[in-house]
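Here is a short briefing to read alongside the model.

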Amino acid sequence: MAEKPSITDEQILSLLEKEASYEQGFKALMGAYQERLYWHVRRMVDNHEDANDVIQNVLIKVFRNIKNFKGDSKLYTWLYRIATNESITFLKKRNKKATNSLDDELSTVAHQLTADTYFDPEEAQLKLKAAIATLPEKQKAVFNLRYYEDMPYSEMANILDTTVGALKASYHHALKKVEHYLKNVEHNSL
Amino acid sequence: MKKEIKEELNNHAPLLAGMSKKPEGYKIPDDYFTRMEADLWEQIKPATKTVTESAPRTSWLDGLIQQINWLLQPRMAMQLASVALLIVAGFLFWNRTAATQTDVMADLTADEASEYVLANLDEFDTESLIELGFGEEDFSGVEAALFEETDVDALLDQLQKENIDLETLEVYL
């Protein structure tokens, strides 16, 4: 998981409560979380331009609703929940658009990955990203949080609003699908 | 935790477990995060300013003074003066019309007024006449003028000629 920010969530929230220190609070929150949230969104949508649109929406929602944040969960969990939901909503729209245009699903994934000028992977990584892109939106979020961010199931349960058992099953299933895709791609390339 | 995750990966996806997680191949524009922060602040900032403008005042007196100052701005003062002028003009016009109607009656003498009423009796209902001060005695002359004795005699002659019985006559009268 990413390093803990030097300023605590309570301190950030306290700064954001007062008008005099609002800008300072804004900067503290951005400094602590913007990169982590961006990379989470980027792994969900892959393309930088799309990730940029989604993260902007996420952060605007965060700052417009920060006063409604009750502190029932950690700030970190709340931020990730918003980012995940926005990403899933975006992916659903994008996938629907692709399906409506009658494109072949895999060629669409490949096109999306290679069309991004800010994506320059090694071959193995390209295959892995293509494999992950075939997962359903929510399973993709589960996979990314566990595989890339080493997140405990308990935290994932808070973000994705589901049970630990369901998350384990979803992650194991996702691992098998990705593994199967990688094996097939390797077999076909031989 | 990391050990647990690694074991999970080895058990379910050995090929994936053997792959390196990084670099993922993602790139971002130069100074992307710095610019994102600045851009976002521009979008968030106006909302903050609005909150500052509507911040609570220190006391009701300050609020009252602020409102008076606001009303005394040249533009507001002109608008208020225009509205006041319209109200006064409207009031004067209404009063003048009412006064004119009263004056017409005031110019007539009591006899002239009575004469007018008696000449145009059918234009007035009973309540209006009583209100104007005409009693029963005022119309005695009128009744006399309407039914002179000669007329009554002629009417009776006519009825006799037509053989009208007493009951029918009562109905006529």
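Predicted model: local features only at pLDDT ≥ 70, side-chain atom pairs only at ≥ 80, totals over all residues.

Residues are numbered from 1 along each chain as its sequence is written, chains are lettered from A and ligands numbered from 1 in the order in which they are written, and side-chain values use heavy atoms, with hydrogens and water left out.

**Helix H8 of chain A**
- H8(A), a DSSP run of H or I with at least four residues, spans residues 153–160 and has 6 of its 8 residues buried.
- Those buried residues (under 20% relative accessible area, 1.4 Å probe, protein chains only) are Tyr153(A), Glu155(A), Met156(A), Ala157(A), Ile159(A) and Leu160(A).

**Extent of the interface**
- In contact (heavy atoms within 4.5 Å) are 33 residues from chain B and 48 residues from chain A.
- The buried area (accessible area lost on putting the two parts together, 1.4 Å probe, summed over both) is about 4100 Å², with 63% from carbon and sulfur atoms.
- Glu24(B), Tyr26(B) and Phe33(B) supply 17% of the area that chain B buries against chain A, more than any other three residues.

**Salt bridges**
- Chain B and chain A share 6 salt bridges, each a side-chain nitrogen of Lys or Arg within 4 Å of a carboxyl oxygen of Asp or Glu.
- Glu4(B) and Arg146(A) form a salt bridge through their side chains, at 3.5 Å from N to O.

Key
Buried < 20%, exposed > 50% of the residue type's maximum accessible area, 1.4 Å probe, protein only. Helix = DSSP H or I, 4+ residues; strand = E, 2+ residues; numbered from the N terminus.
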